[in-house]
Amino acid sequence: MGVIRVRESGLFTTVQDLGREGFAFLGVSASGAADAISLRLGNRLLGNAEGAAGLEMTLLGGTFIFPQGATGALTGSDFGATLDGERVDLWTTFAVKPGQTLRLGPTCSGARCYLCVRGGIAVEPFLGSASTHILSGLGGFEGRALRKGDVLHMGAASGLARERRLSARAVKMAEPRRVLRVTPGPQSDWFDEASEPLFYGSTYRVAEDANRMGLRLEGAAIPMPRDDTWPEETGGNAGPSRGTGGMVSEGVTLGAVQVPDGGMPIILFVEQQTTGGYPKIANLISADFHSLGQLRPRDEIRFERVAWETARSLLSEQEELMASEELIFE
Amino acid sequence: MRYTFANMDIEAGGGARFELASDQSLLVYFARQNRKGRAEARPLQTQITLQANERVRKLLRLLQLEPIEGFRNLHPGYCSLLVKFDALRLRHEEVEAVLRRCLERLDEVILPEPHQVEIPVCYGGEYGPDLAEVCAMHGMTAAKAIEMHAAPEYLVYFLGFVPGFAYLGGLPEALVTPRLATPRRRVLAGSVGIAGHQTGVYPFATPGGWRLLGRTPMAMFRTDRDGLSLLSIGDRVRFTPISAERFAALEKEWE
């Protein structure tokens, strides 16, 4: 089995797969790739299982040496990759000769670029997943982001490596959206009448401290109806902010748009807390999750409300294309 | 208090309310909520909450013993359970129908015997940087506050926020304190905090807004342990005050 030597780690590079579902009762969130569509497509190009572990790079990519060579694919955002100085395209497989160096730089487009290799990245799974959960230091490579000098192992792959590229239709599907589609949240009716036009009519900016746990937004503050007869009891999560009085902590899910006291929405992301005490005005539709993974600080977004049925059919369409033969060209 | 327990009705068999949380999740509530969606009872320290939470635990138990195909994750809360499902295979209506059938069987579900867990805590000083302020707010001595915090047997209502974080209910009324106006950017692992009627232990160094009374050398979440989390939903917890010397000794012993 070949190895990858990390010469430069980049800003924040972690091992990710499609995450670990089923342990929220222990407070363990699913985690997984921030842009799962890109990771899956990278693996498909290489003939790996869709959920094989790859490297998720954030805003600034790393430099990697392959002493034994490899077959790789880069997906997601364009980080200006070169292999021994030669430009490497996204969305296509590329052969790495023994000793060659893959160098990535700052992003030219969105937030995250995925490096997938044939055979996947081999790490000891935690609760069935290779995904890194940074906050708790679990999973992935030693439960942390990569550092200079780390050596990663690649998994074994069978059969011949083939040259493949993604169809234009598939690349288009992976393109991140700036208008995020949502369905109503479980507390939508808590908000007063003026709140919805404000939420759906405003442009929000992604805050600087957006990360895999959540994306704080800046823009029009959503007024929270307060009932002052309520003492603050179980309200709020244990997390960074003060809870909203009266709200009883409950399970929260990926893409939930919480409105804390200050009124600035927070979108819960892959490394989310599993429960929370803020009212939720909306929830991203599953078909748009990957777009969240490509949002950079200061990017501007809007929300568009869609019907439940639309959310379902958009997800079905996305998965049909993911499963289709037209996805990949040899 | 303008809400009374009388207007809470948890029917014998059902009494559950369903709410769509996202295109791949459904929430089941076991306590009725008013117009604004707020539970019509003080959420903690009431018989109502205890009953609702017992139903949460029973439904979780049933779904764990007899897993439903297409159910991907279960997020228990105080009075609710969020079910995340595979939206390509199931629709909300189908998930609700499955859950309704489970609810009819809740009374036969036997919950596992709760573990009684004792957690040693060194209170005050650098271990509990908010103890002095909490005492000042309530006009009590540190000794009294420690005695009160260490007196009850707390119930683990659910685990959430981060791996192994148990929401413990049963904090004495006299210690009920709002959380910090400005949360700390980093709370040390093992910190024991209070917020509202809740208390809990931070398993990892994370941001946090609870007021810190002390710290335990005990690991709340360990990958080399069966069950991973020291505490499970439904467990009973007591805190035992220890000295700084004992804290250092235990920390060394459990390293």
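Colleague: How far apart do the C-alpha centres of domain 1 and domain 2 of chain A lie?

Modeller: In this predicted model, the C-alpha centres of the two domains of chain A lie 28 Å apart. Domain 1 covers 3-164 and domain 2 covers 179-322, with bounds from an automatic or database domain assignment. Residues are numbered from 1 along each chain as its sequence is written, and local features need pLDDT of at least 70, whereas side-chain atom pairs count only at pLDDT 80 or more.

Colleague: How many residues of domain 1 are in contact with domain 2 of chain A?

Modeller: Contact means heavy atoms within 4.5 Å. By that rule, 33 residues of domain 1 of chain A touch 19 residues of domain 2 of chain A.

Colleague: What area is buried between domain 1 and domain 2 of chain A?

Modeller: The size of an interface is often given as the accessible area lost when the parts come together. Here the buried area (found with a 1.4 Å probe and summed over both parts) is about 1,800 Å², and carbon and sulfur atoms give 52% of this. On the side of domain 1 of chain A, A:Ala34, A:Ile37 and A:Arg112 lose the most area to domain 2, together 25% of what that side buries.

Colleague: How many salt bridges are counted between domain 1 and domain 2 of chain A?

Modeller: A salt bridge is a side-chain nitrogen of Lys or Arg within 4 Å of a carboxyl oxygen of Asp or Glu. The count between the two domains of chain A is two. A:Glu56 also forms a salt bridge with A:Arg212, where the closest N and O atoms are 3.1 Å apart.

Conventions. Chains are lettered from A and ligands numbered from 1 in the order in which they are written. Side-chain values use heavy atoms; hydrogens and water are left out. Buried area is the accessible area (1.4 Å probe) that two parts lose on being put together, summed over both.
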